[in-house]
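Colleague: I would like to learn how to read the features of a model like this one. Could we take them one at a time, with the general idea before the case?

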Amino acid sequence: IDEFMTIFKYLDSKDLFENFYVKKLAFRLLYGLTNSKKGEKYLIERLKGECGNAYVTKAEDMFNDIDTSYELTLNYEKEAYNLNNNINKNNNNFYILSSNAWPVSKIITGFVNKEITNINDSFTKFYISKNAGKALSWHLSFCSAELKYHVAGKDLILEVNGVQAAILAN
């Protein structure tokens, strides 16, 4: 990071770097691909020291959203489990992303089967009960799923994105 910061000081287009960094950071955070959250936060602190608070606001907000989303998902699963001990425990992970911080793509809707719709509706009710007045937009392109199939006597697990899951689950 020290070597990077030496080069970074001489960049003329720091705003282009920020846009690129935020897009790649979003991808790493949403898909769990970051090697070290501490390392990412350290780089953000160094960038803040070099360019000021406003330069890293989006990146800091993204980390806050990830941490808040993790807590929210845990609370949702606890509440759902307490209400119905017979629920099929899925490994859900809901990300509540601030629209001003994340490079959000267009919304893709449709193709969703009944099970996914039920999970969607259940989480939406939970979220709105805790955060009155806030709206949720569901982004299939940011979702992921593991689909389990039994084909020719073998169990197959497909790891797919939300759009692929919505198409294959029908």
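Colleague: What share of the 170 residues of the protein counts as buried?

Modeller: Of the 170 residues, 26% count as buried. Keep in mind that this is a predicted model. The accessible surface of the protein comes to about 11700 Å², and 53% of that surface belongs to carbon and sulfur atoms.

Colleague: How many helices and strands make up the secondary structure?

Modeller: There are six helices and two strands. Along the sequence they follow the pattern α-α-α-α-α-β-β-α. For contacts with a separation of 6 or more, residues 24 or more positions apart account for 60%.

Colleague: How should I read a nonpolar core, and which residues have the most contacts inside the largest one?

Modeller: The general idea is that in soluble globular proteins, nonpolar side chains tend to be buried together. Here the largest nonpolar core has 20 residues, and those with the most contacts inside it are Tyr21, Leu25, Leu29, Ile44, Leu47, Met62 and Trp102. Two or more residues come from each of helix 1 (2-8), helix 2 (14-30), helix 3 (37-51) and helix 4 (53-83). Helix 2 gives the most, with seven residues.

Colleague: What is Leu25 in contact with, leaving aside its neighbours within four places in sequence?

Modeller: Leu25 is in contact with Glu40, Ile44, Ala59, Met62 and Phe63. There is also a second, separate core of seven residues, which includes Leu72, Tyr76, Phe123 and Phe126.

Colleague: Next, the aromatic rings. How many aromatic pairs does the structure hold, and how is a pair described?

Modeller: A pair of aromatic rings is described by the distance of the centres and the angle of the planes. The structure holds twelve aromatic pairs. In one of them, Phe27 and Tyr31 are 4.9 Å apart centre to centre with 50° between the planes, a tilted arrangement.

Colleague: Why do Phe27 and Tyr31 count as partly exposed?

Modeller: Partly exposed is the range between under 20% for buried and over 50% for exposed. Phe27 counts as partly exposed because its relative accessibility is 45%. Tyr31 falls in that class because its relative accessible area is 30%.

Colleague: What geometry does the pair of Tyr76 and Phe123 have?

Modeller: Tyr76 and Phe123 are edge-to-face, at 5.2 Å centre to centre and 80° between the planes. This pair links distant parts of the chain, with Tyr76 in helix 4 and Phe123 in helix 5 (residues 114-130), 47 residues apart. Tyr76 counts as buried at 7% relative accessibility, and Phe123 is buried with a relative accessible area of 1%.

Colleague: Which residues form one aromatic cluster?

Modeller: Phe4, Phe8, Phe17, Tyr21 and Tyr55 form one aromatic cluster. As for Phe8, the charged end of Lys14 sits over its ring, 5.1 Å from the centre.

Colleague: Loops remain. Where is the place of His139, and is His139 buried or exposed?

Modeller: His139 is in the loop between helix 5 and strand 1 (144-151). His139 is buried, since its relative accessible area is 15% and the cut-off for buried is under 20%.

How values were computed
Residues numbered from 1 in each chain as written. Predicted model: local features only at pLDDT ≥ 70, side-chain atom pairs only at ≥ 80, totals over all residues. Heavy atoms only, no water. Core = buried A, V, L, I, M, F, W, Y, C linked by side-chain atoms within 4.5 Å. Buried < 20%, exposed > 50% of the residue type's maximum accessible area, 1.4 Å probe, protein only. Helix = DSSP H or I, 4+ residues; strand = E, 2+ residues; numbered from the N terminus. Contact = heavy atoms within 4.5 Å. Phe/Tyr/Trp six-rings, centres within 6.5 Å; stacked < 30°, edge-to-face > 60°. Lys NZ or Arg CZ within 6 Å of the ring centre and 35° of its normal. Areas by Shrake-Rupley, 256 points an atom, 1.4 Å probe, with all protein chains shown as cover.
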